[in-house]
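Please have a look at it first.

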There are 2 protein chains.
Amino acid sequence: MKNRCENCIVRQFNALRAMSKEELKRVSDSKITKSIKKGQAIFEEGEKLNGVFCVREGVSKLSKLSANGKDQIVKLASKGEVMGQRSVIAEETSNLSAVAVSDMEVCFIPKEGIVDTLHNNPNFTVEVLRHMAHDLREADDVIVNMSQKSVKQRVAEAFLYLGENFGEDSEGFLSVTLSREDIANVVGTATESCIRIISEFKKKGYIKTSGKKIGVANEKKLRDLVEGF
Amino acid sequence: MKNRCENCIVRQFNALRAMSKEELKRVSDSKITKSIKKGQAIFEEGEKLNGVFCVREGVSKLSKLSANGKDQIVKLASKGEVMGQRSVIAEETSNLSAVAVSDMEVCFIPKEGIVDTLHNNPNFTVEVLRHMAHDLREADDVIVNMSQKSVKQRVAEAFLYLGENFGEDSEGFLSVTLSREDIANVVGTATESCIRIISEFKKKGYIKTSGKKIGVANEKKLRDLVEGF
DNA sequence: TCAAATATATGATTTTAGTCAGCTTTCCAA
DNA sequence: TTGGAAAGCTGACTAAAATCATATATTTGA
């Protein structure tokens, strides 16, 4: 009887914190904790979701397949984030796929506990709404970046974003390690173009690498580049 | 005492339909109806909104200024759509500007009536949530289109989108008339590139024009182009 | 009504990014 | 451990789109 939602710290980061003791107890009783290996899918685009997934550990990419066969990564979800809530709320199949970028631990929460609480606890609903409003703003920002910034600017911004949102290890390397292809899919460019820019940044001393690991070496330069200087 | 929300048909298209009679009465008593001339701003990016705007008539563009001085149009809002709710809910300044692209009539609804209802009427809150979930999905789709489709495909898609969502007049021209610059800002491209593509589509008979007005002439061809054939 | 301002159009050129090809390194499972 | 697959890298070339320049048409306000 360990791993109760009531004691789970990641809950502080998401809408579940607005649930009452009873509601949380119900969710905790119905949830299923799963271990997901790096590269494994949590759910697929077009799938009907019978619940949401709360990330306890690790990072997942949320992506959408485009007509030309490329994956566009729309969001990266880490500790505390809830995946699949949009689909559950809209009662639609998922518009995104979720694949683990590192080994993960996620809790599957059947939708009933969520949907009932939505209809009975306005505090919870408003909290969910706030989170979704936040996601929507982020999505708007991504749209503007995609259309108005160069690939080089977007790559620079991606590294800054990863550093800010997922942190760095003790040696200053980004905590999330993405393949070059994944970085390209976040940025929305060809893998080769992405690699070329990474090489350039490294040569100029903006970033440092060690194997797959990448670290921001000159934040100011990267930031200037993003701003268009 | 005409123009009561209770009798307003556009309410059917948005979350206000989930309000109770009393809640609606309060909103109706506090709302202010405004006429907005084409080109006039309804609110600006960075502005603190003290309420939401419900569109009764006309079309507004919701856009965000990018660092390089270009406007990216993120969404077009017409009859029944509520603007500014994201900011009111998140209690943040607006991330978008709203400017009328045709003469408009909008109702300003002070946030108190909305926020109180959000905390007291779960049906309303869930309805708002559903609408936001829908917007978020659309935003995800836009992100993928931006990064994976060519400018030509995006222009074609824009015309199809405008036809589907805002309709056509009796002669088959799109009901929303946007300047070439606005179309370019929807698509996220340079105005010249946009004009060039419009010329090409016209030459090929995919679209027809009459002054500023544009009409879809060969839907199938446009659709094939979007799909990558 | 007419001149200035704005919007539309098109050509020439440059820049940016995508594609294709080949090569090296790293990873992983038999 | 080692051989094949996947990932990473680089060069050459091509395609797409932005930019710059200029011309024409349309709107608009004095």
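This is a predicted model: local features need pLDDT of at least 70, side-chain atom pairs count only at pLDDT 80 or more; totals for chains, interfaces and linings use all residues.

Between chain B and chain A there are six salt bridges, where a salt bridge is a side-chain nitrogen of Lys or Arg within 4 Å of a carboxyl oxygen of Asp or Glu. One of the salt bridges joins the side chains of Arg130(A) and Glu91(B), at 2.9 Å from N to O.

Residues are numbered from 1 along each chain as its sequence is written, chains are lettered from A and ligands numbered from 1 in the order in which they are written, and side-chain values use heavy atoms, with hydrogens and water left out.

Now to the contact as a whole, which takes 40 residues from chain B and 40 residues from chain A, contact meaning heavy atoms within 4.5 Å. The area buried between the two chains is about 4100 Å², and carbon and sulfur atoms give 67% of that; buried area here is the accessible area (1.4 Å probe) that two parts lose on being put together, summed over both. Leu129(B), Ile143(B) and Gln148(B) supply 16% of the area that chain B buries against chain A, more than any other three residues.

Four strands form an open sheet in the order S1-S8-S3-S6, with antiparallel pairing, and two strands pair if DSSP finds at least two bridges between them. Strand S1 (32–36) and S6 of chain B stand at the edges with a single partner strand each, so one side of each has no neighbour in the sheet.

What of strand S3 of chain B, residues 51–57: how many of its seven residues are buried? Six are, so S3(B) is largely enclosed by the rest of the structure, buried meaning under 20% relative accessible area (1.4 Å probe, protein chains only). Six bridges join S3(B) to the antiparallel strand S8 (residues 104–110) of chain B, and there Cys54(B) stands opposite Cys107(B). Two bridges join S3(B) to strand S6 (residues 82–83) of chain B, also antiparallel, where Cys54(B) stands opposite Val82(B).

Definitions and conventions. Buried means under 20% relative accessible area, exposed over 50%, partly exposed in between (1.4 Å probe, protein chains only).
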